[in-house]
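Subject: Structure handover

Hello,

The sequence and structure follow below. My notes on what was found come after them.

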Amino acid sequence: MGRITALIGMIKDKASQGKAALLSSNPTSKSLSFHLSVLRATTHDPSTPPANRHLEVLLSAGTGSRATAASAVEAVMDRLHTTKDACVALKSLIIIHHIVKHGRFILQDQLSVFPASGGRNYLKLSGFRDEKSPLMWELSSWVRWYALYLEHLLSTSRIMGFFVSSTSSAIHKDEYEEMVSSLTNTDLLREIYALVGLLQEACKIPDVPFCGGKSLADKIIRLVGEDYVSSVNELYTRLNEFKDRSSILSFGDRIELVCALKRLESCKERLSVVFRGIWKRAWIDGFWSLVREVKGMIGGLEDSNEQIGRRGKGYESARFTDRLVIGYGDAVRFSSGRFSSVDRFNYPVSSQTTLNVL
């Protein structure tokens with residue numbers, strides 16, 4: 001059954017790519033050229049993730065006009081929303097992740113404003129099921145989780161005012177820390193809650209498939225792992241800022257921060273297992289030490305755990321959690337927002353697992 005499924009997938013790939021190649025031979029048809037690159041990057045083969053050369057073609061759309069970028073994004077989204085194959089869907093999601101991470105701003109912007117039906121199901125894959133084989137059924141859970149994770153990544157980016165983990169531009173560390181220091185406590189808490197929520201979603205990553213598809217899973221783990229490092233980098237700066245403000249925080253802000261840190265610490269074990277080797281050990285240990293230190297500095301509330309537990313959920317759901325969902329008209333538009341032209345400064349990543357930047 002598995003061999004028949006694979007053969008059918010190969011036939012579909014050859015047929016769709018052949019048809020697209022004929023149509024894209026027209027030199028004025030740039031959109032069809034992107035369509036062909038998407039087809040070549042999203043084959044039905046579970047053993048190979050999208051090739052870098054095909055990703056490079058799609059990322060090159062960021063060097064053209066807004067219409068060119070829109071054509072590339074539309075080609076990816078059409079492929080994602082019309083396929084019933086788990087491998088094709090996963091590879092389409094990997095392309096979206098690459099756009100967020102490596103795409104130029106104009107390409108990222110087109111991704112952020114792509115039409116959606118609104119609500120929590122931005123990528124519309126919460127009900128995805130591929131029942132052709134046990135492997136496809138297993139990979140379907142990866143599709144559902146990965147789509148939800150990317151939705152969280154986009155909504156977190158909306159709150160932060162920049163695409164988390166993007167490599168498209170740079171800012172000096174001192175300048176960035178000065179920007180963070182200018183934020184109000186409410187803004188800092190909102191961003192911390194968003195980043196912690198993203199890490200919590202990362203913790204829900206499914207187990208690596210046993211019967212195939214490991215290369216796809218490994219690719220996704222490495223991409224999400226780099227987001228983890230970026231998120232920790234952002235949290236590091238904001239927790240240091242709260243450390244400096246610890247003596248002037250209001251009672252309510254202290255409760256919010258303790259609740260966020262408790263949620264963050266609940267992720268520690270799972271993150272260390274799933275993404276081991278992504279970071280430098282001394283650096284990540286330093287981060288968790290900072291988390292404990294900040295908790296200690298505002299720890300007058302540690303003797304009031306019952307009160308924090310009783311009030312924390314209400315604070316969290318009322319003030320921040322309901323804002324972490326991207327919906328129609330709620331896209332990640334940064335052209336007039338803060339940090340619209342900046343990215344994060346470099347963060348330490350283990351050399352053994354660093355991806356080549358396209």
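Ser246 sits in the loop that joins α10 (214-245) to α11 (251-274). Helices here are DSSP runs (H or I, at least four residues), numbered from the N terminus. This is a predicted model, in which local features need pLDDT of at least 70 and side-chain atom pairs count only at pLDDT 80 or more, while totals for chains, interfaces and linings use all residues. Residues are numbered from 1 along each chain as its sequence is written, and side-chain values use heavy atoms, with hydrogens and water left out.

First, the serine. Ser246 has a relative accessibility of 10% and so counts as buried (buried is under 20% relative accessible area, exposed over 50%, partly exposed in between, with a 1.4 Å probe and protein chains only). Its side chain reaches the backbone oxygen of Lys243 at 3.1 Å. Leaving aside residues up to four places away in sequence, Ser246 touches Arg254, Met297 and Ile298, where contact means heavy atoms within 4.5 Å.

Next, the salt bridges. The rule asks for a side-chain nitrogen of Lys or Arg within 4 Å of a carboxyl oxygen of Asp or Glu, and by this rule the count comes to 12.

Lys132 takes part in a network of salt bridges with Asp85 and Asp130. Between Lys132 and Asp85, the closest N and O atoms are 3.1 Å apart. Lys132 lies in the loop between α6 (105-112) and α7 (134-160), and Asp85 in the loop between α4 (66-82) and α5 (86-102), so this pair ties together parts that are 47 residues apart in sequence. The salt bridge from Lys132 to Asp130 has an N to O distance of 2.7 Å.

Another salt bridge lies within a helix. The side chains of Asp187 and Arg190 meet at 2.9 Å, N to O. These two residues are 3 apart in helix α9 (residues 185-202), which means that about one helical turn separates them. Asp187 counts as partly exposed at 29% relative accessibility, whereas Arg190, at 19%, counts as buried.

Regards

How values were computed
A polar contact is a pair of N or O atoms within 3.5 Å; within protein, one must be able to donate a hydrogen and the other to accept it, and residues adjacent in sequence count only if both atoms are side-chain atoms.
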